[in-house]
Structure formats: structure tokens, C-alpha cells
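Work through the exercises below with the sequence and the structure side by side. Try each task before reading its solution.

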Amino acid sequence: MSRPLISQIVLATDFSECAIRAQDYAVLLARAYDATLHVVHVPESPFWYGSHAATILYLEQAQKEGIRDLRQSGLDRLHRRHRQARRA
């Protein structure tokens, strides 16, 4: 039994216009190879060298915004459908 050529895809995104085009391509590849698509967003923080409390608050807010942006992009719905299809 041979392994698929691509089984895991990582999409790094900043939710920019270019990232949205990359997202579309990553989804196309994931479907074509029945691969798992992992979405990663790492926010930049001006607080890296400052207060730990400020950094934690910033990262919590960035996480909320990332989840909101992911939902708006439709990737979360696509991911749920893909997981359901793989279970069937």
C-alpha cells in the first residue's frame, strides 16, 4: 500500500488578500490529495519585551480575532465538512 504524495498541508495566514488566494489553493490541494489542512496564524506583538500581563491580554485578543477571521473565511465550515466526510 503506497502512501499519498501529500497527506498534511500547513497554511500560514495573515488573512491578507494574498493569503486568501493561498488559502484557496491549499483547500484545492487538500481536497485533491484527501490531505489534512492545518491553518496557522501567528500575530505580531509590540509587547514581547514588556509586561507579561499585557502580552497575555494581547494574545488572547489576537486569538479571538483569528477565530473570527477564520469563521468569516469559511474554512471552519469546510474543515467540519471534511472531518464528517472522512468519518463516513
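The exercises below concern a predicted model.

**Exercise 1.** Determine how strands β1 and β2 run and how many bridges join them.

Solution. Take β1 as residues 8–12 and β2 as residues 36–40. The two strands run parallel and are joined by 5 bridges. One of the pairs to find is Ile 9 with its bridge partner in β2, Leu 37. Next, follow the chain from β1 through helix α1, residues 17–33, to β2; this β-α-β crossover is right-handed.

**Exercise 2.** Find which residues of α1 are buried and where they lie around its axis.

Solution. The buried residues are Ala 19, Gln 23, Ala 26, Val 27 and Ala 30. Viewed down the axis of α1, the buried residues fall within an arc of 105 degrees, so they line one face of the helix. An α-helix has 3.6 residues a turn, so residues three or four places apart point the same way. The face turned away from the buried side carries exposed residues, among them Glu 17, Arg 21, Tyr 25 and Leu 28.

**Exercise 3.** Classify Leu 37 as buried or exposed.

Solution. Leu 37 belongs to strand β2. Buried means under 20% relative accessible area. Leu 37 has 18% relative accessibility, so Leu 37 counts as buried.

Terms used:
Residues are numbered from 1 along each chain as its sequence is written. This is a predicted model: local features need pLDDT of at least 70, side-chain atom pairs count only at pLDDT 80 or more; totals for chains, interfaces and linings use all residues. Side-chain values use heavy atoms; hydrogens and water are left out. Two strands pair if DSSP finds at least two bridges between them. Helices (H or I, at least four residues) and strands (E, at least two) are DSSP runs, numbered from the N terminus. A crossover is right-handed if, with the strands pointing away from the viewer, the path from the first strand over the helix to the second runs clockwise. Buried means under 20% relative accessible area, exposed over 50%, partly exposed in between (1.4 Å probe, protein chains only). The arc is that of the directions from the helix axis to the C-beta atoms.
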